[in-house]
Structure formats: structure tokens, C-alpha cells
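User: I have this model open next to its sequence and would like to talk it through. Could you take me through it piece by piece?

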Amino acid sequence: MTAATVDRVSSGARGDQPPVPDGAVTITVRIQRFNPETDSEPRWESFGVPALPTDRVLNLLHYVKWYLDGTLTFRRSCAHGICGSDAMQINGVNRLACKVLVKDLLSGGGKHTTITVAPIKGLPVNKDLLVDMEPFMEAFRAVKPFLITYGNEPTRERIQSAADRERFDDTTKCILCACCTTSCPVFWNEGSYFGPAAIVNAHRFIFDSRDEGAEERLDILNDAEGVWRCRTTFNCTDACPRGIQVTKAIQEVKRALLFRR
Amino acid sequence: MQFHRYDVVIVGAGGAGMRAALAAATEAGHAPRTAVLTKLYPTRSHTGAAQGGMCAALANVEEDNWEWHTFDTIKGGDYLVDQDAAEVMAKEAIDAVLDLEKMGLPFNRTPEGRIDQRRFGGHTRNHGEAAVRRACYAADRTGHMILQTLYQNCVKHGIEFFNEFYVLDICLTETENGPVCTGAVAYELATGEIHVFQAKAVVFATGGFGKVFKTTSNAHTLTGDGMGIIFRKGLPLEDMEFYQFHPTGLAGLGILLTEGARGEGAILRNAAGERFMERYAPTIKDLAPRDIVARSMALEVLEGRGAGPNKDYVLLDCTHLGAEVLESKLPDITEFARTYLAVDPVTEPVPVYPTAHYAMGGIPTNIHGEVLRDNDTVVPGLYAAGECACVSVHGANRLGTNSLLDINVFGRRAGLAAARYAANHELIDLPETPAAVVQAQLELVLSEHGKERVADIRTELQATMDANASVYRTEETLKQALHDVQALKDRYAHISVQDKGKRFNTDLLEAVELGFLLELAEVLVIGALERKESRGGHAREDYPNRDDTNYMRHSMFYKQGDGLKSDIRLDYKPVTFTRYKPMERKY
Ligand SMILES: Cc1cc2nc3c(=O)[nH]c(=O)nc-3n(C[C@H](O)[C@H](O)[C@H](O)COP(=O)(O)OP(=O)(O)OC[C@H]3O[C@@H](n4cnc5c(N)ncnc54)[C@H](O)[C@@H]3O)c2cc1C
Ligand code: SF4
Ligand code: SF4
Ligand code: FES
């Protein structure tokens, strides 16, 4: 884990708390904090939050922000695992805060009542759980993540068989959340590695029967920072909230490189 | 403060904003300097949450034509639709879908390899004979694919984005011909800095405001900023009382389960297992338009036929569809039910109840996306498209799949119109101190002037809107809502935020967003109070019938005076008819 220091327990509430719903238990939410305007390094802070088993971790973070400490900063939007805003380390693994329910973390007889939340690793932390996504998006943009075709466009749609469409279905699901890339040990050590998410998005086009840009993309991925860096540890696959077979996609790209021409 | 100069500035990077940016960059015959300002990273926009489909009369799987689509849109909108606009949308739908396919969108395919199509509520063959397969789709991730495809093409064409820039005001310069739009003012999340963007044309594509309600399919960030900004400038908003409640939200949560589920054959049942829609819409049953299905569900619950321990929801039965259809055509919603309700749609019916979903009203525009400052005068240089706009193609009730269509057709039109306007006009001077309003607003929120918490006011707002201004409304409930909203506005004057910093101050922005929500909630409620009839998504228990004599007209809301507590003036605008006469709506 990151070198966060002082472990502070927050006592400060802002005014009255909202009524606690029936069946709620108090969870300790331990959060890695960093405010660029006041902190020189990250620190830990714990908050007591009443929670229902069906609450999402995102609800707990909202509770902290709305009632205990308004300065807590994180991204979120859709709240149901579709926009990719709220990737973070929850109890040490990369998850979307809106897709993890409290009850999933309390297994083991409800004993573990502490939930630890930290920013995803390998991208610069801007404030609390909010990281700089630019390096990640840059890698995505670098693999030409768009359909490349030559010649005249057809007047109607391009024809594509259902089987050809199925071929790349898995990698169309990516929401660019960065859970995979920021769980990759190679990316942690060598930030210049494209990372799994970029390769997933290259895969989405390389295996699209309509696309004619595979060669250009494979050249990019053959590069020193490309697919050969991957050591097939499957962290990325485990982390993907969309259930994408990330490592398999990377393997398929490697194979396409080995057998091309 | 930083100054920027562009030909075209687009505010919002959802489907409408990015389609506008692409049209401006690639279809206008010249490439204007374009900037897209967005408070979210483009791929975080809520277009990505859209599930079921985007309709166009491609006739890939059965006979269909755009005229039927036009008729369905108008009838679905309970005849409050501007018929010329509906014709444009239905006609251009076909190219809109084909354009997306050419940009790379991975639609599901027919056995012949063409774009597959499925049934959706209110879309019928030959003016209501039977449901027709018109919705083009990519599993239940159609919006995700649209958003990704548009962003991918923006990358391809090098569109310039300013991510996490919150636009909080526009610049209107007074000329002898009235106000002209000359730019936008934005707050940069990363630094807290104010940026003034001078531009020849500004396109608003800021999406909806579902967060005025508690139970909603909308994202936390859908706070109606664009509509609020326009309204505060004294420009009108149109038909704000028409808010759509989607029948199938996960009970208690509001997370959406697409109508595409019913399109694939899922059935709504009450506690007794009865397929109750057979009583309310004998011909197309579960595929009746959303307003009708949502009201039917609410009635089942009100009359004691609801399911569950508190009899407060109904059931969406997908069990007969089989695991394969669910996993291949409806995988995401299957997962939502499993994750958030621990219900497996393969084996059990899913608890559902209506959820606040879509704003039919918004910033009035003509069919070119030009913003109107009264019933027919445009504001030169100002455009709007997507959910924040009201063309009006959805009238009193939007048909499913018509919004993904709307954002593509009118997003493109607005982008093109803005680019062409920019090519033929010079930059006009900004008004003096263009950022003054925003600076004063932010300083006020940051200053110490009270102890009210943003979360408390927002929670109470959402509670009263759910209780008093949702599927069914009465004079009494609406008066209560108005009273509550106005009291909350008073309290808003005393809010305090805890984060006083410059960097990534989302505490501050949540407070600003709440200001927009309060403003729009009041407009919605006043519109609903004044419309003493039931039409489409607006159902008054005390006035259960449609009243074409008095209310076949759009509502136009104008803010008078400054400050949050100013008056609202209500005016009216005629509906445009081409060839469809209002009829009783039966399905
Ligand atoms: C769950 C769900 C499912 C749906 N399914 C369907 C469907 O199957 N078919 C269909 O036709 N319709 C569907 N809809 C409706 C449709 O998806 C939306 O109406 C449509 O996507 C709205 O697109 P938009 O571009 O107008 O707005 P959005 O996609 O919401 O984008 C708004 C943009 O504005 C930006 N923005 C907002 N405020 C500011 C500000 N102050 N400053 C800068 N930027 C700002 C945001 O960053 C964002 O980029 C669905 C809606 C939901 C919620
Ligand atoms: S499989 Fe490859 S890309 Fe994925 S985490 Fe391991 S090294 Fe990184
Ligand atoms: S592959 Fe999965 S984990 Fe990686 S960015 Fe895409 S959705 Fe997120
Ligand atoms: S908030 Fe959208 S993925 Fe979690």
C-alpha cells in the first residue's frame, strides 16, 4: 500500500445526522486522504458510517461527504457500474464503488466491520480518491481506437455476420474505468506500458471484420511498451467490473502479432 | 481568469454534444475551431447508460416506413408534438443509424448480417395495428456503444475537449437586433480557475435533470445545469411539466431495466400473477407507451394488487425468455437485478416500479437547433440539442428509443448549423465583465452565511418531488410541492460548504448544481399546477381527461428578475400540425 501516514479517526460531524434506517450497522470506513493544498503526503482517516447490507460502498462515501466531511473527494456519476467514474481500491482490490455492496464485504459472520478505501494505484493522486486519468486516456488514444476503413463507403450498412459480430463482443464492453490497468504490476513498475485497457480497445477493432487498420495497430502494440510487456498474471481480468476476459484478449493480440503476414 | 477564443463551443459531451462536434468538424464543408467543454469525461456521460435501442424505419426485418414512425411519435406524445419536427426526425433516423454503423458501432445483426431490430413500446405497424420491430440495438448496451463510438470518432478527428470544465453561464451581448450569444463561462475543476470562452456559436448539450427526484434512472450529475443557465438568462424553457416516469425501475432503487425486455417478450404481473396490461391496453399490452404503463402500474399498487411485503411494486417476469435470450440480448439488466436486488431474472420475476427518467421539456429550439427567445425569434449564435432541448419531438410523452435518435439527429443538425453560422459571422465583443455573475455566485456559496447543508436540502427536495409531483398529481399535492420547493429555496440562501479549496472542489459544485435543481423543480411544479388536464406524462387525478380546447399548446416559462426567488411568467406557444389530427389515444 501507499505510504500513507497518520491514522486519524474523525469525530467531527457537521450538524445532525440523518435518521439511521432499521437494520443498519455501523461500519468503519477507512479512507486514504490527500489534499494537495494542505497535505505533503497521504494520510488515513476513519469514519463511522451507518450502513445497510444492501448499500453500495458509494453510498458510504456519499454519507461521509454529505454529513461528516464535505472535503472528501471522489468521482461518480451513474451509480450502477456503467460510467466507469469510481474505480478505487476497496479492501485492497480494484472495484467500482457503486458495484460493491456492503454485504459482499461483510462475509465471514459480519465480523469485519472496517472497509478500507484507497485510490487506484499507478496514476498520480490529485485529491483523496480522485486520480489523474490523463496518462490512462493517452494510452487509449494511442492505439487508434476507432474503425479504420479504406475505399468508398457503402450506401447502406456494412454487412457483418452475427458470428463476426460475436468475435469481438467481449471487448466492446469496456467502460474505460482503469480497474485493469491500475491493477497491473507491469504498469505500476513501468508507467510507459500501454496497459491492458488500451490493448482491450485495440482488440475490439483488430477483431472487427469491418476494420482495415489491424496492421497499423499491431505495429503500435509490437512496440517496446506494447503487448510483449504483459506477463500474463491475470490481475487485470480479475479486476474488470465488466467481466471482460482481459488477459485472453491480450493473448489474442499477441497471437495475431506472431502469425501475421 | 483565462480567455479562449473559438469558432464553435459545445457544452456537453454526451451523445448530442459529440454528434454536434463531429458534424461541425466533418460535415460543414470547412472545419471551424471547435472546443467541447464538459463537466464529465466524455465517456462518463449518461448516454452510456441507455440500454434498449435507437429506432429507425430501416425495415430490415419487417415492413416499415418513416411515416408510420412519425405517426407513432406524435400519437405517443399525446399530440403535443410539433409535427414538422417529428417528420424530420423520423425521416433522418435512417441515415442517423447508418452513419453510426459506418463510424463503427457494433449493432446486433440479423442472420443476413444486417442491423437487427426489436420491438419497443408504442412503435407500431401501419398506425397502431401491431407492434413493429423498429429499434436498432447492441444487446442492452446501445447507449454505451453510441457514446463509445462517438468518442472514438472524436479521437479520430482530433476534437478538442476541456474535460471537467463546468459551464456555469453563457455570454449574451446586446445588439440592436436583441441578444446574441458570444461565449460561455466555465469553472475548471482541477484548479478552481474561471475560463471565459469567446465564440461565434455555442451549442448546449447538457442532458437532463432527473436528480430533482429521489427515485430516478438518472446519474448523480444530471442536475439540469444547461436548462438552469438558460432560464436564469431570462430565456424561456418549454413544457417542463412533462417529465417521463419509466415503468421498469428496480423497485426502491430506480436503476433502469430497459423496455427492450418487454420488447423481447417479458411480461408485467401483479401480486396475483395477472398480466394486468391486458386490461389497460388490450392491443399492444405490455408494449403500450410508457406513460400508460407507468400509470397502470401505479394504479395496481394503489388498488392493493402490488407485490412484495408492502405491496408497493409489481413484477417484471422474464423467466419464460430463457437464460440464453437474457444472457445474449439483455445481459446488463440481468446483472443489475442480480447485483442490486439479488434477484435472478432467469428464475424469478423482478420487482419493478416507475422511476423518474426523461425530461420531455427543455430549452426551446427550432428544427435547426437554434434556441428561441420567445415563440419564434432565435438567439443568434445559440443552439441546443439532446435531452436539454425541446424541439419538440416528444410532446407530452417520449417513445422509447426516440431519445438516442433525437440526440443523433438534432445533435448533428445543431452542430452543422453552428458551424455554418460561425463561417459566415465575425466574432462579436463579449459583454463587459463576462465572468462577474459566476464569480459572485461562487464567492457567495463559499462565504460563511449560514449552516444549511446541501445534502439536507437536496434530500428534502427529492422527497417532496417523489411524493407530490410524480406519476399522479393533484392540485393539493402540487401545491404542497410548490410550498416545499419555495421553502427550500429560502434555505438554500443559507447553505454552507465545507470545502473552501481551489482544487477539485466537488463540494462547491454540488451546491451550485443544487441551485439549478431547485430552480427547475419549481418550474416543473408550476407548469404542472397550471396545466389542468391529463396528457401524456402529466397525469392529474383531479383533471383526468385531455383538454384540447384549452391546453393543446406548449407551456413557455420565463424567469423574471434576479436571484433564486424571482417570479416565473407562464406563456403559451401553439403546437405545429402538419397532417395528423388529434385522436383519442388507445392501444
Ligand atoms: C438508464 C437510461 C436508459 C436509457 N435508455 C434509452 C434507450 O434505450 N433509448 C433511447 O432512445 N433513450 C434512452 N434513454 C434516454 C437517453 O439515453 C438520454 O436522454 C440521452 O442519452 C441524453 O443525451 P444527451 O447527450 O442529451 O445528454 P448526456 O448524455 O446526459 O450528456 C450530458 C453532457 O453534458 C455535460 N454537462 C452537463 N452539465 C454541464 C455543465 N454545467 N458544464 C459542462 N458540461 C456539462 C456532461 O458532462 C455530459 O457530457 C435512457 C436514459 C437512461 C437514464
Ligand atoms: S495479465 Fe498482463 S496486462 Fe494483465 S495485469 Fe497481468 S501483466 Fe498486466
Ligand atoms: S477492460 Fe474492464 S477494467 Fe479495464 S478499463 Fe475496460 S472495463 Fe475497466
Ligand atoms: S458511478 Fe458510474 S461506474 Fe460507478
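User: Let's start with A:R231; where does A:R231 lie?

Analyst: A:R231 lies in the loop between helix 7 (214-222) and helix 8 of chain A, where helices (H or I, at least four residues) and strands (E, at least two) are DSSP runs numbered from the N terminus. Please keep in mind that this is a predicted model, in which local features need pLDDT of at least 70, side-chain atom pairs count only at pLDDT 80 or more, and totals for chains, interfaces and linings use all residues. Residues are numbered from 1 along each chain as its sequence is written, chains are lettered from A and ligands numbered from 1 in the order in which they are written, and side-chain values use heavy atoms, with hydrogens and water left out.

User: What does A:R231 touch, not counting residues up to four places away in sequence?

Analyst: With those residues set aside, A:R231 touches A:P185 and A:V186, a contact being heavy atoms within 4.5 Å. A:R231 and A:T155, by comparison, are 76 residues apart in sequence and 44 Å apart in space, C-alpha to C-alpha.

User: And which residues come nearest to ligand 2?

Analyst: A:R231 is one of them, together with A:C184, A:C230, A:T233 and A:C236, out of 13 residues around ligand 2; a residue is near a molecule or strand if one of its heavy atoms lies within 4 Å of it. Helix 8 (235-239) and helix 9 (246-258) of chain A are the elements that give two or more residues to that shell.

User: How do the residues of that shell divide into nonpolar, polar and charged?

Analyst: The shell around ligand 2 has eight nonpolar residues, four polar and one charged, where Ala, Val, Leu, Ile, Met, Phe, Trp, Tyr, Cys and Pro count as nonpolar, Asp, Glu, Lys and Arg as charged, and the others, Gly among them, as polar. For ligand 3, the shell divides into 12 nonpolar, no polar and one charged, and of its 13 residues A:C174, A:C177, A:A178, A:C180 and A:C240 come nearest.

User: Zooming out, what is chain A like as a whole?

Analyst: Chain A has nine helices and eight strands, and its C-alpha trace spans about 65 × 40 × 35 Å along the principal axes. Of its 261 residues, 58% are buried, buried meaning under 20% relative accessible area, exposed over 50% and partly exposed in between (1.4 Å probe, protein chains only). Among contacts between residues at least 6 apart in sequence, 69% join residues at least 24 apart.

User: Which residue other than glycine has a positive phi near 45°?

Analyst: That is B:K285, placed in the loop between helix 7 (277-280) and helix 8 (290-302) of chain B and partly exposed, with a relative accessible area of 24%. B:K311 also has a positive phi, near 50°, and its place is in the loop between helix 8 and strand 13 (314-317) of chain B. As background, most residues other than glycine have a negative phi, and most peptide bonds are trans.

User: Where is there a cis peptide bond?

Analyst: A cis peptide bond, with omega about 5°, joins B:V391 and B:S392, and B:S392 is found in the loop between strand 18 (389-390) and helix 11 (402-423) of chain B.

User: What about B:V350, is that residue buried or exposed?

Analyst: B:V350 counts as buried because its relative accessibility is 1%, and its place is in strand 14 (residues 350-359) of chain B. Leaving out residues up to four places away in sequence, B:V350 touches a set that includes B:L250, B:L257, B:V314 and B:P345.

User: Last one: is B:K581 buried or exposed?

Analyst: At 67% relative accessibility, B:K581 counts as exposed, and it lies in the segment after strand 22 (567-574) of chain B. Although B:K581 and B:K75 are 506 residues apart along the chain, their C-alpha atoms are separated by 9.6 Å.
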